[in-house]
Amino acid sequence: VDRKDIKVSKIMFGPGLICLRAWATFPGVDMNTTFHMFYEVEERGKWDKNFNNCRVVAKDVQGCDLVYCLMKIPTVTPRDFLQYRRVRVNDDGSICIVLRSAEHPNAPEDHRYIRVDNKISGYVFRESYVNGQPVMQLFLMSCSDVKGMIPKWIINMLAPKKPGEWTESLRKAALEHQTLYPNRREEVAARLRGEFAEENPYDYEIETVQI
């Protein structure tokens with residue numbers, strides 16, 4: 001996929017490891033509102049048709065939340081995810097979200113689904129202004145082993161197509177939400193400063209210095 005509003009790149013390694021990257025632009029959409037629509041699982045459930053049953057399983061586990069979600073794929077066994085989720089606000093104001101697979105007794109593997117091994121996934125939200133209007137730029141990447149057998153034609157059909165559908169759903173939801181809740185930008189900005197702009201002790205290893 002190579003359009004003005006979105007570009008998608010897909011690489012496959014072996015039978016199940018799929019790496020995706022996408023770059024999307026949301027003219028007129030506020031970054032903080034977009035983050036709110038993505039981060040809050042209750043809001044995400046209203047617009048995200050790719051993932052179902054999203055919920056926070058645990059909080060403050062090694063400085064992360066643990067998030068569960070289910071993905072249904074046509075004609076094959078559904079896949080589910082349990083992931084560490086970490087958010088960081090960078091010095092330039094951009095927002096980074098990083099995810100990787102996790103285990104937790106509150107979300108054991110279910111025999112009805114195949115648990116995906118997410119090596120690493122990430123999202124970067126950036127904002128600029130054009131003629132006084134916000135322009136939200138989203139970069140996303142995913143490198144996951146989907147396990148089991150998925151026909152190649154399904155992967156070739158869905159992998160490049162779904163990011164475009166997903167980002168368009170997010171764009172529309174954020175645009176509608178910021179119209180209905182104009183104060184959301186300031187509310188989220190305060191939360192970002194209070195929760196995600198500080199250094200996290202789990203980002204550093206404990207060193208023992210011998211004198």
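Predicted model: local features only at pLDDT ≥ 70, side-chain atom pairs only at ≥ 80, totals over all residues.
User: Why is D65 called buried?

Analyst: Its relative accessible area is 12%, and buried means under 20%. The value for D65 falls under that cut-off, so D65 counts as buried.

User: What makes the pair D65 and Y39 a polar contact?

Analyst: The side chains of D65 and Y39 are joined at 2.9 Å, and the limit for a pair of N or O atoms is within 3.5 Å. The pair therefore meets the distance criterion. Y39 is also among the residues that D65 touches, including V56, A58, Q83 and R85.

User: Which residues lie nearest the centre of the second largest pocket?

Analyst: Y39 and D65 turn up again here, along with G63, E195 and F196. The lining has 21 residues, and the pocket holds about 430 Å³ of space. Elements that give two or more residues to this lining are α2, β3, β4, β5 and α4. The largest share, 4 residues, comes from β5.

User: Let's turn to α1. What makes helix α1 mostly covered?

Analyst: Of its 9 residues, 9 are buried. Among them are M31, F35, M37 and Y39.

User: How do you know that D30 caps the N-terminal end of α1?

Analyst: A side-chain oxygen of D30 lies 3.4 Å from the backbone nitrogen of N32. D30 itself is in the loop between β2 and α1.

User: Is D30 buried or exposed?

Analyst: Buried: D30 has 5% relative accessibility, and the cut-off is under 20%. Its contacts away from the local sequence are E127, P134, M136, Q178 and R185.

User: Which residues have the most contacts inside the largest nonpolar core?

Analyst: They are F35, I97, Y123, F125, L138 and W166, in a core of 32 residues. F35, which is buried in α1, touches V87, I95, I97, F125, V188, L192 and F196. A second, separate core of 11 residues includes Y84, A102, A107 and Y113.

Terms used: Residues numbered from 1 in each chain as written. Heavy atoms only, no water. Buried < 20%, exposed > 50% of the residue type's maximum accessible area, 1.4 Å probe, protein only. Polar contact = N/O pair within 3.5 Å; in protein donor to acceptor, adjacent residues only side chain to side chain. 1 Å grid on protein atoms, 1.4 Å probe; cavity = no way out; pocket = protein on both sides within 12 Å on 5 of 7 lines; lining within 4 Å. Points joined across faces, edges and corners; volume = space filled by probe spheres on them. Contact = heavy atoms within 4.5 Å. Core = buried A, V, L, I, M, F, W, Y, C linked by side-chain atoms within 4.5 Å. Lists of a residue's contacts leave out its neighbours within four places in sequence.
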